[in-house]
Amino acid sequence: CAAVLRWRRSREATMVERYLAGRALGPVALGFSLGASIFAHSTVIGIPAEAYSQGFSAWRWLGSCTFISIVFMAYAPRLQWISRVRGYDSIMAFVKDRYGISQPCRDPFYWLVVLVFLFACYIYLCAQLDAFGRLMSTISGGKVTVLQGALGLAGLLSIFEILGGLRAVVFTDVVQGVVLVVGSLLMLFVIDTSYGGLPGITAQLALGHVRVPRQRDCLDWAELWIGLGIQRALLPDFAQRAMAAESQDSLRMGSAILAVAPFLVQVPMLFFGLVARARLPALLDPKDAFSLVVLDIVGQGGSGRDIGSIMMVASIAAVMSTADSVLSVASQIITLDICRPLHAALVPASSRTAHAAAGVGEITADGAEGDCPPPKAASAPGRGRWLPWVGHVATVAVAFLCIPLVFASPDFDFLLELSVAVLAQALPTIVLALYWTGVYKWASAAGLVVGLGLGLGLVATEIPGGILLSLLGNWVVTLTLCFTLPKLAAASSEEHARVLRLVFWRRLAAPALAECS
């Protein structure tokens with residue numbers, strides 16, 4: 001309903017409205033959207049499965065969420081500010097402007113960063129569709145196949161995102177976030193009333209499930225915390241939320257909700273795996289632990305049916321809140337950062353001018369109300385009639401291109417690890433470039449290439465700590481080039497020089513924060 005109402009009210013919406021919700025996300029909407037989006041299939045499938053197999057050590061996932069919050073808070077305030085000053089409508093608009101890329105279609109660095117973002121989005125979205133299909137299959141007793149569940153979710157998300165844009169996604173994130181918190185916390189009540197309490201469950205576990213981490217586990221923990229923390233914070237849907245925030249105050253409150261949410265959701269999720277281990281010690285697939293415990297709660301009758309139903313809805317909310325966010329930002333990248341530059345390069349300027357005069361397919365700098373007018377060099381939001389249709393096609397294409405991979409049923413844990421190794425390499429490209437003018441395109445490109453090569457190679461060969469080593473190599477190469485060839489950091493144009501004047505380490509002063517108000 002929210003999507004349909006939003007579509008009827010803003011059929012001629014700009015790309016800022018469609019993909020950034022008009023830069024008007026308040027603290028509650030932003031906070032719950034961030035909090036809900038952080039919980040993916042790993043929350044309702046991965047944590048219970050790991051708790052079933054390894055016990056209390058599954059709480060290590062809380063550390064990765066803490067790193068997600070740290071990385072997000074490191075770049076979000078500055079990205080929100082500079083995106084308003086320069087009129088950015090996507091994260092790649094920042095990359096293009098910050099590195100002085102005047103012709104993105106001919107720039108290999110631009111396309112490398114686009115591929116890094118899209119690869120991570122594609123793998124992440126495929127994993128969510130696969131997880132949703134598995135949940136539906138388990139709940140239905142096999143009546144719904146994994147592929148049917150994935151197809152249904154892909155179709156639903158496509159329709160929803162086309163009709164509602166980011167506003168509809170955020171609205172449902174708020175609802176899903178509330179349901180997810182309530183459904184998770186109910187486990188604290190159920191484990192005490194139906195399973196003899198946590199002491200009783202712990203007494204039934206093997207010694208290996210209650211031990212402290214061994215020394216050889218520390219490297220795996222550190223890699224999960226740092227690698228996954230960086231990767232998830234840099235997934236473009238988080239940057240999209242930062243750019244959509246209405247103010248710095250909204251970001252502060254949103255970041256606080258993001259930091260607290262894992263303790264309300266992921267801690268109870270561990271208990272599902274422990275209960276399954278105690279009740280179903282011979283479970284063939286640990287990934288079914290959550291669903292089977294919920295079905296057991298429902299089978300107890302009485303209030304168990306209601307509680308179990310809420311828990312199942314919460315699990316669906318965890319998957320959908322991430323899937324719709326990633327689908328929205330993938331559509332944004334394809335529409336604004338691939339199709340728009342290609343259109344500008346392929347269609348002669350005279351034709352675009354003639355079309356604009358006729359009111360057909362024009363692209364105008366039409367920011368959201370209250371925004372600073374974007375300069376000519378910035379990637380201004382478009383109102384071209386063809387852009388929304390490209391966005392619709394991109395949304396459907398991305399959603400259904402995931403289905404073949406779901407059908408192939410690969411090892412998504414391995415693919416997600418590859419995704420971490422890839423996207424985490426963008427940390428210097430995005431975060432460091434927001435604060436230090438010494439970072440230039442070719443230094444960032446060299447570090448990115450080295451990091452990608454090391455990351456993919458070390459993960460594929462299962463070298464312990466491979467992601468951490470690749471990150472170290474990336475930073476060493478990037479910083480070495482920045483310090484040894486500082487002259488390459490000079491502005492390539494007058495417009496580029498204006499951008500570099502907005503890049504600094506010091507804290508934003510009050511006049512700067514109020515510049516767009």
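A residue counts as buried when its relative accessible area is under 20%, as exposed over 50%, and as partly exposed in between (1.4 Å probe, protein chains only). His209 is buried on that scale, because its relative accessible area is 7%.

This is a predicted model, where local features need pLDDT of at least 70, side-chain atom pairs count only at pLDDT 80 or more, and totals for chains, interfaces and linings use all residues. Residues are numbered from 1 along each chain as its sequence is written, and side-chain values use heavy atoms, with hydrogens and water left out.

His209 sits in the loop between helix 9 (197-203) and helix 10 (218-234); helices here are DSSP runs (H or I, at least four residues), numbered from the N terminus. Setting aside neighbours within four places in sequence, His209 touches Arg277 and Gln54, among others, where contact means heavy atoms within 4.5 Å.

Now for helix 13 (residues 289-299) and helix 7 (residues 108-139). They pack at about 35°, axes 10 Å apart, with axes fitted to C-alpha atoms over the stretch in contact and angles running from 0 to 180 degrees between N-to-C directions.

| Helix | Residues in the contact |
|---|---|
| Helix 7 | Leu135, Thr138, Ile139 |
| Helix 13 | Phe290, Ser291, Leu292, Leu295 |

By class, that contact has 5 nonpolar, 2 polar and no charged residues. Nonpolar covers Ala, Val, Leu, Ile, Met, Phe, Trp, Tyr, Cys and Pro, charged covers Asp, Glu, Lys and Arg, and the others, Gly among them, are polar.

Buried residues of helix 13 include Phe290, Val293 and Ile297. The buried set packs against helices 4, 7, 8, 12 and 14. After helix 13 comes Gly301, with a positive phi near 75°.

Notes. Helix = DSSP H or I, 4+ residues; strand = E, 2+ residues; numbered from the N terminus.
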